[in-house]
Amino acid sequence: KTSTCMMNKTEARSVIKFLHLKGNSARQIHNEMKAVYGDESPSYDMVVRWKRNFQSGHMSLTDKP
């Protein structure tokens, strides 16, 4: 199933953070988000970028100033 709701950046990042904290790989996170959000899900590259941020201890969901 795919969702018709628009996903904003903060929502996407919070899902990535949640799944990262559960121990999922970037590929697993992307696949899960694609399954739930369909075309509204973030790109794989974005998932990788934010997963790296969280792994390095930057847990904020906002862009760096």
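**Entry 1: overall make-up**

I began with the secondary structure and found three helices and zero strands in the protein, where helices (H or I, at least four residues) and strands (E, at least two) are DSSP runs numbered from the N terminus. Read along the sequence, this gives the pattern α-α-α. I note that this is a predicted model, in which local features need pLDDT of at least 70 and side-chain atom pairs count only at pLDDT 80 or more, while totals for chains, interfaces and linings use all residues. Residues are numbered from 1 along each chain as its sequence is written, and side-chain values use heavy atoms, with hydrogens and water left out.

I then looked up burial (buried means under 20% relative accessible area, exposed over 50%, partly exposed in between, with a 1.4 Å probe and protein chains only). Of the 65 residues in the protein, 35% are buried. For contacts (heavy atoms within 4.5 Å), I recorded that residues 24 or more positions apart account for 57% of those with a separation of 6 or more.

**Entry 2: H1 against H3**

How do H1 and H3 pack, by angle and by distance between their axes? The angle is about 60° and the axes are 10 Å apart, the axes being lines fitted to C-alpha atoms, for helices over the stretch in contact, with angles running from 0 to 180 degrees between N-to-C directions. H1 and H3 are therefore oblique to each other, given that angles under 35 degrees count as roughly parallel, over 145 as roughly antiparallel, 65 to 115 as roughly perpendicular and the rest as oblique. Their crossing is right-handed, that is, the near helix is turned clockwise from the far one by less than a right angle. I listed the contributors as Ala12, Arg13, Ile16, Lys17 and His20 of H1, and Met46, Val47, Trp50, Lys51, Phe54 and Gln55 of H3.

**Entry 3: salt bridges**

I looked up the salt bridges (a side-chain nitrogen of Lys or Arg within 4 Å of a carboxyl oxygen of Asp or Glu) and found three. Asp63 and Lys9 form one, at 3.3 Å, N to O; because Asp63 lies in the segment after helix H3 (44-55) and Lys9 in helix H1 (residues 9-21), the pair ties together parts that are 54 residues apart in sequence. Asp63 and Arg13 form another, at 2.8 Å, N to O, again linking the segment after H3 to helix H1, here 50 residues apart.

Is Arg13 buried or exposed? At 5% relative accessibility, Arg13 counts as buried, whereas Asp63 is partly exposed at 45%. Leaving aside its neighbours within four places in sequence, Arg13 is in contact with Met46, Trp50, Phe54, Leu61, Thr62 and Asp63.

The remaining bridge joins Asp39 and Lys34 at 4.0 Å, N to O. Asp39 counts as exposed at 73% relative accessibility, and Lys34 is partly exposed at 39%.
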